[in-house]
2 protein chains.
Amino acid sequence: MNEGENMRKEENKREGNRDKFEKKKPEREENNADPDSQFVASLAEYLGLPEEKLDHLFEKKYLARNRGEHEDLLRFDKEVSHIERGTVVYEKDGAFEMVPGFPKIRRAMVLYPTLKEQFSQTRTLAVEEKMNGYNVRVAKIKGEVLAITRSGYICPYTTERAKVKLNLKFFDDHPELVLYGEMVGPDNPYVPKAIYEIESLEFFIFDVREKTTGKPLSVARRRELLENYGFLQVRLFGEFPLETAPEEIKKIILNLGKIEHEGVVIKDPEMHLPPVKYTSSQSNCSDLRHAFLFYYETGRDYMLSRIVREGFQTVEWEENEEAFEKRCMQLGESILVPLREAIWEVKEKRRLFDEVRIRVSDPETARRFEEYLKRLGVDAVFEEPQPVGDEFLIEIKKMNKSTHDKTEAIWKGELW
Amino acid sequence: MNEGENMRKEENKREGNRDKFEKKKPEREENNADPDSQFVASLAEYLGLPEEKLDHLFEKKYLARNRGEHEDLLRFDKEVSHIERGTVVYEKDGAFEMVPGFPKIRRAMVLYPTLKEQFSQTRTLAVEEKMNGYNVRVAKIKGEVLAITRSGYICPYTTERAKVKLNLKFFDDHPELVLYGEMVGPDNPYVPKAIYEIESLEFFIFDVREKTTGKPLSVARRRELLENYGFLQVRLFGEFPLETAPEEIKKIILNLGKIEHEGVVIKDPEMHLPPVKYTSSQSNCSDLRHAFLFYYETGRDYMLSRIVREGFQTVEWEENEEAFEKRCMQLGESILVPLREAIWEVKEKRRLFDEVRIRVSDPETARRFEEYLKRLGVDAVFEEPQPVGDEFLIEIKKMNKSTHDKTEAIWKGELW
């Protein structure tokens, strides 16, 4: 399996189908020469894994060097015992250092009794907004500030944006810390959203963790620290007693839904317990609207889970028939409107693609981003950069070849 | 993988999730002793397969003896080169004989140009009703009339019903022929339907084929032959010119939809070309209503394919906004109504099950059917037989443990 495919499968499964690039034959640069045994031995010791295990991981490419610009960085393409998928590890000054992957945030299907069960060891819950963009970690790695995607790749576009947007003094003061956040806004090659009154792209931080150990700062400490550097942070709705939290969160979710926002992440203020997420019906339907435009390549589980959430929410909230009818109509439309559009487009002999755009300071960043996508096996067409102020806008068409080809074949008389 | 699981997976995938029994730990009777090499050699010759291939099939249990009552019959659990899955093969008087499996009937997503493409070598098309029940083959095997399921098992209930319902003289006159048909009606342990004005269970024949070769009779010859024996047959809507068939079939489908019937199978009258099926929107929605009651065990592809059909039909038929809105609402309700019901039932601490019933002449048949299901790893609770005239009705609860347990866990605070 190539890296692009891995990325796509992962995105469909975990992040929610956010990176719906189409795979084509990827450039394979087979420069994953076998690492020498001395290196393997010391890395194994650092990671706390047996050497044979590490050999196996290299062999299977579950642990692999980045290709292209950052071959000195190793990437976990799979969760391995205590190490999250997407974790990046590298040698620096003769020692190892690690940027841990995103810890999985599991989902509450119902607020009560889930919060009570999952947070039995804390008395209050901090509730922060879950924004709809793409996950990025930013850290100083071997002297350079880099933006790492969920899968552990170094994205040249996101790296440029991070350097432009962030107060870089933070990384000099705290070289041991990693910023975990969401890149949000319309100039977004993965999940463009115009719902946040953001002109281009901004980085909203929701977590700060130590390199190597992955130990998180408490909510209060994190918010204070980030404020000192003038960083954008996800909104904090407040800290609620465990007992009343389900009712409070329901109110927050209903209000977020009205403005099409995604949902919340519910946290132990001390960050000793793993957070839990919960989303609005509008966000489920919005995901479905996008999923069914590209019905043949979206993960089936991705679709089903969003549908099932609608069922639990209506039962948990004991909706009356009027609200329920409205929910049925919204669900039906969220599925059939995009499906009709995709099928119609292909019938009318138009190509199916996702249109996104990026905004760069240096056109060279766009070129490097195009290279990067090509390495990942992504089929995307970049338009010419258009100057906007002192920056450049570039339109990108991400081709949805699989859905297009299947739909076209049906219109030509093929069977399902 | 055990046979019950295989059966369930197959049903979900192909037949449309019709046999939603719940698997539990199956009784494994490991009496699949290695067949002797002389037997393998002669069977390989009969099937036209290399001996090593056959050894491999036996080893993987892709070719396996029935357990329980019919250990002399071998069953293909997998499609193997030209041999359909569900094919049954056996020795009779020192020679081999074979009852071929159901040939796959592929689906037209749009009528035009599919029919033109798929049937370019014929000038007219016979259109017959596709009924909603379960597929059965009936043939005389080693002197006994037996009913074979799609997967190649000998179902004791269906066998009893076939013997009661059919004019058995047919099998004496035509020992070389196999009846392919649909068991339809409310006394149906797999797909109970009350839409056909059938009091109990009837066998509607749609195909007659030769043993071993699988060669089908032409539509006209089949219908004439079956009529001579007073057999029930699926309805023939007529024979239409290829050019006007899409328009005619659309009319038929709209009428079938109004009475909640499933759809049609479109055939080359000479049966030289493989048939093609096409179904009504109401049938898609009815499948979805059942699928979402047991959302956690229904095949994801099964759900998706039914949803996608709705998209193609609305575009092909160029529906106006009013019809489209209605379709959206129907789709949304077909999903959320059963989902709400399942979630609600579990919240109220009731078990999720599918309630079906059978009607037998001899209570011993019910007992054998219960044994048969147990061998397949199915979790079903049989009530006491109730006399009705000279027959007996038995209620059966098929337990949907997987959906039940998942839903219950969520209500107890587990995460998705």
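Which residue forms a salt bridge with Glu97(A), and how far apart are the closest N and O atoms? The answer is given in the first legend below.

This is a predicted model, in which local features need pLDDT of at least 70, side-chain atom pairs count only at pLDDT 80 or more, and totals for chains, interfaces and linings use all residues. Residues are numbered from 1 along each chain as its sequence is written, chains are lettered from A and ligands numbered from 1 in the order in which they are written, and side-chain values use heavy atoms, with hydrogens and water left out.

**View 1. A salt bridge within chain A joins Glu97(A) and Lys211(A).** The closest N and O atoms of Glu97(A) and Lys211(A) are 3.0 Å apart, where a salt bridge is defined as a side-chain nitrogen of Lys or Arg within 4 Å of a carboxyl oxygen of Asp or Glu. The pair links distant parts of the chain, 114 residues apart: Glu97(A) belongs to strand E4 (residues 95-99) of chain A, whereas Lys211(A) belongs to the loop between strand E10 (202-210) and helix H7 (219-228) of chain A. Helices (H or I, at least four residues) and strands (E, at least two) are DSSP runs, numbered from the N terminus. Over all chains, the structure holds 67 salt bridges.

**View 2. Four strands of chain A form an open sheet with antiparallel pairing, in the order E1-E2-E3-E4.** Strand E1 (63-65) and E4 of chain A are the edge strands, each of which pairs on one side only, and two strands are said to pair if DSSP finds at least two bridges between them. From one strand to the next, the twist averages 30 degrees. Strand E2 (residues 74-76) and strand E3 (residues 88-92) of chain A run antiparallel and are joined by two bridges, and the bridge partner of Leu74(A) in E3(A) is Val89(A). Helix H2 (residues 37-47) of chain A lies across E1, E2, E3 and E4 of chain A and runs at about 55 degrees to E4(A); axes are lines fitted to C-alpha atoms, for helices over the stretch in contact, and angles run from 0 to 180 degrees between N-to-C directions.

**View 3. Strands E3(B) and E4(B) pair in the antiparallel sense over five bridges.** Strands of a sheet pair through backbone hydrogen bonds, either parallel or antiparallel. Lys92(B) stands opposite Ala95(B) in E4(B), and the hairpin of E3(B) and E4(B) has two residues between the strands, with Asp93(B) taking a positive phi near 50 degrees. Strand E2 (residues 74-76) of chain B is joined to strand E3 (residues 88-92) of chain B by two bridges, and Arg75(B) stands opposite Val88(B) in E3(B). Helix H2 (residues 37-47) of chain B packs on the sheet and touches E1, E2, E3 and E4 of chain B, where contact means heavy atoms within 4.5 Å.

View 4. Lys61(B), although it is not a glycine, has a positive phi of about 65 degrees, and Lys61(B) lies in the loop between helix H3 (51-59) and E1 of chain B.

**View 5. Chain B and chain A bury about 4800 Å² between them, 75% of it on carbon and sulfur atoms.** Buried area is the accessible area (1.4 Å probe) that two parts lose on being put together, summed over both. The contact takes 51 residues from chain B and 51 residues from chain A. Six salt bridges are counted between chain B and chain A, and the side chains of Glu318(A) and Lys347(B) meet in a salt bridge (3.7 Å, N to O). Helix H11(B) gives the most to the side of chain B that touches chain A, with 17 residues. The residues of that side of chain B divide into 27 nonpolar, eight polar and 16 charged; Ala, Val, Leu, Ile, Met, Phe, Trp, Tyr, Cys and Pro count as nonpolar, Asp, Glu, Lys and Arg as charged, and the others, Gly among them, as polar.
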